[in-house]
Amino acid sequence: MIPEKQNTKSKSDEQKEKYGSFALFDVEHFLRRILKNWYWFALMLSIGYVVSWFYGKYYAQNIYSSNLSLSISNNTSSYFTPNQSINFIWGQGGNQDGIYLKKMLLSRSHNEYLVKELNLFVNYQTKGTIKATYLDKDDSPVFLEVDRKHLQQVNYPITLIPKGKDSYEVVLPEEGESTNLYSYEFEGFQSIDAYPRPSNKIIKVNEWYTSPNLRFKLISNPIESRIKLDNVIVNLSTVNDAVNGIINSVGVEFDKEINTIMIVSKTGYNLNSTVNFLNTSIEELRKKRFKDKNTVDKRTELYLKESLDSIRKKLDSSAAYLNYLKVSEKLYDITNRDEKSLERIKELEAKKADFLSKMNSLRNIRNSVDSRNFDKMISPSAAGFDDGMFSASVSELKALYAKKRELATIYTPNSEPIKEINRLINEAMTNSSGSLRNVYNVYTTEINKIDQQIAQASSELSTYPEKQRKYLDAERGYNMIEATYNSLLNRQNDSKMRLATNQSDITVIDPAKNLGQAPIGPNIKGTKMAIFGSLFALPFLIILLGSLFDSKIRNIKELVSVTRIPLLGVIGNNSTDNMLTVLDSPKSSVSEAFRGIRANVRFLSGEDNKSKVILVTSSVGGEGKTYISINLASVLGLSDKRTILLGMDLRKPKIFGDFNIDNKFGISNYLTGEASIDQIINKTNVPNLDVATSGPIPPNPSELLMSERNIQFIEELKKIYDFIIIDSPPVGLVADSYELMKHSDANLYIVRHEYTEKYMLKMITEKYHNDEIKHLGLIYNDYVAKQGYGYGYGYGYGYGYGYFDEDKNYKEPFLIKLRNKVKAILNR
């Protein structure tokens, strides 16, 4: 690249600030690295394919889902099912019956009942060469029945291997036996003494296997298994783990159009297991609910019968008194009766009697709650209300009290679990009392309204004589008792009718079925894509991070655009240890690059015939400063220009070894007055090229280089030579070169490809644009050309064109060869 003449206009401070600031991310270099490392992407794709194949075939466990739909009759929540979930929290809504039933299905008590009754803490599997498959209980040829009074080790695989004639070998793990065993009777762990590993044993069906950590027997499956199994692996879990696993896998949703229809779903690793569980769960719930309904209705009927008997006595007594008044007071007829007002009063008192009867039932329910006598609680319908929140809180109270009785056998009264259960009891009690209080307040308000209306109607009867008023009061008392009796009688009839026609309030619409449903998970395709993507992205991420944290100079175009310093040339990689490339390989592309630099230096130093001083420096050592100095001096000497190369890097002498010169006397000796100019100038094999080495390392190199004697030394040499090449110290380490630049005609700053740090160019760029350094040019060193692109080292040259010595070893890449053949065919 031929440097352009710099704009003479003054640069703004903002522009100067931008110079030398490289972009954080080099897109071109990033893309080149991706293309260069294509084989890593291919390798990761291959590994991804193998891993995803193994995942799909031997690791992934399919997850299935089945569902069941049912409808809910009204007033489901009117009955108090025993042992409901202690975590029950009522949610208000328009479908309280459905929400209540949903809570029941997801309750711990219901699922714990299923786990214990159906032995759902026993899990069955079978294992192939690599992958284990979950089995439905009915798929196993035998069932494992544990002795619940014996301590058992859970999460301890028991392998059953068929041996024929209803015999199975019990194979236990080689290690893993525990002294912390589980009791299914008390649902807790107990510690026992250490014991030797139980031995494997062949047992027959219905024969007990006994060891310190296990006791069970095998029972034949009455249903013949559809598949032949080489082994059955049985794992026992705790009741708590089994219940939690079920609750987490069951879902309940309501139909969007008819909210009394529920869809219950169950997920699991075996489709038949999910189907059987749903159907069994709902059937057990229906049985339980039906039994509970009958129990509550019978208690309610008994309560109403006792209340009727009591009211019947009052009614008979009131009727006798009324008859007595008629006979003794001879009040067979009262003239001028206000029949309209009396009828109005009778209606109001009948309503009041009904409310008072319901309030009496309400007090009965409240007393049952306060006394924890839930087994004698009557239906809220006897009190004239059906409140889902109350039903939920009563169910919760029953479960909490039962749980507290269990905890009391383990924990002290002041322990945290007891405190927590007491808090939950108080919360549930507050909810139930709140519901009753709300109903009680409603009834009280209605009775007060009725009393006001009765008082208003009764004021019109105040004009009656005392005897007549006495009779009317007795008649009203009789009517109220009769109204109460009739109200209780109606509720008793309703209760008898409900008891006689009782049926489950849960109706299954569509039972769960195995219809060959496809698994709902895992998303094997998505997981495979994730594996592919992750492994494919791994080298991409590594390259990206490497590019983000890479601060090396790698892009010539970016270097020029950021520094705005003229680029004099690009030097390729020197593949040999020899520094004299121009002399030993004159036809190489590197030598040609130095000839280009020789021509471009004139643009910095001018075209006059005066002697030129060219200073070569860099940021740090190792960037090729000495290599550039030697070969630039060589190419100038070969062009019949009297040239001298000065080794002024006094701290790190180098030049003498390449030219086989003795470094006993050099510039340091001359600057200290120990030698003359003639003594330090050495001839080389090139007639017009001389070399002055640095000499022994002095104790004060900076003072010597910046001394007046050194300046006079350079001036003396200018009288003798056309070009003076100074190999100076790196400016990133010492300031010597900055002083020498004041006396040079051209300054060459060496940047090495993939070696020089970007931040190192900040200082030299700022000094250049602040006009502290003049006649500065860059040389890009050690650039590795991308073969096959016809680019070369920045001058339009490249390998494969028969132009340089390197072309004899050039092999055209396959893609380039293919491209050239296609072009040739098209050109025909």
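Buried means under 20% relative accessible area, exposed means over 50%, and partly exposed lies in between (1.4 Å probe, protein chains only). The model on screen is predicted: local features need pLDDT of at least 70, side-chain atom pairs count only at pLDDT 80 or more, and totals for chains, interfaces and linings use all residues. Residues are numbered from 1 along each chain as its sequence is written, and side-chain values use heavy atoms, with hydrogens and water left out.

Start with the sheet. Select its six strands, in the order E3-E2-E12-E5-E6-E9; the sheet is open and the pairing antiparallel. (Strands are DSSP runs of E, at least two residues, and helices are runs of H or I, at least four, numbered from the N terminus; two strands pair if DSSP finds at least two bridges between them.) At the edges are E3 (132-135) and E9 (201-204), each with a single partner strand, so one side of each has no neighbour in the sheet. On average, neighbouring strands are turned by 35° against each other, direction ignored; the axes are lines fitted to C-alpha atoms.

Next, select E6 (residues 167-171), which pairs with E9 in the antiparallel sense over four bridges. Ser 167 stands opposite Lys 204 in E9.

Move on to the loop between E9 and strand E10 (208-211), where Asn 206 is found. Its phi is near 70°, a positive value in a residue other than glycine. Asn 206 is exposed, with a relative accessible area of 51%.

Finish at Asn 119, in the loop between helix H5 (108-118) and strand E2 (122-127). Phi of Asn 119 is also positive, near 55°. Asn 119 counts as partly exposed, at 23% relative accessibility.

Methods: Axes fitted to C-alpha atoms, helices over the stretch in contact; angles between N-to-C directions.
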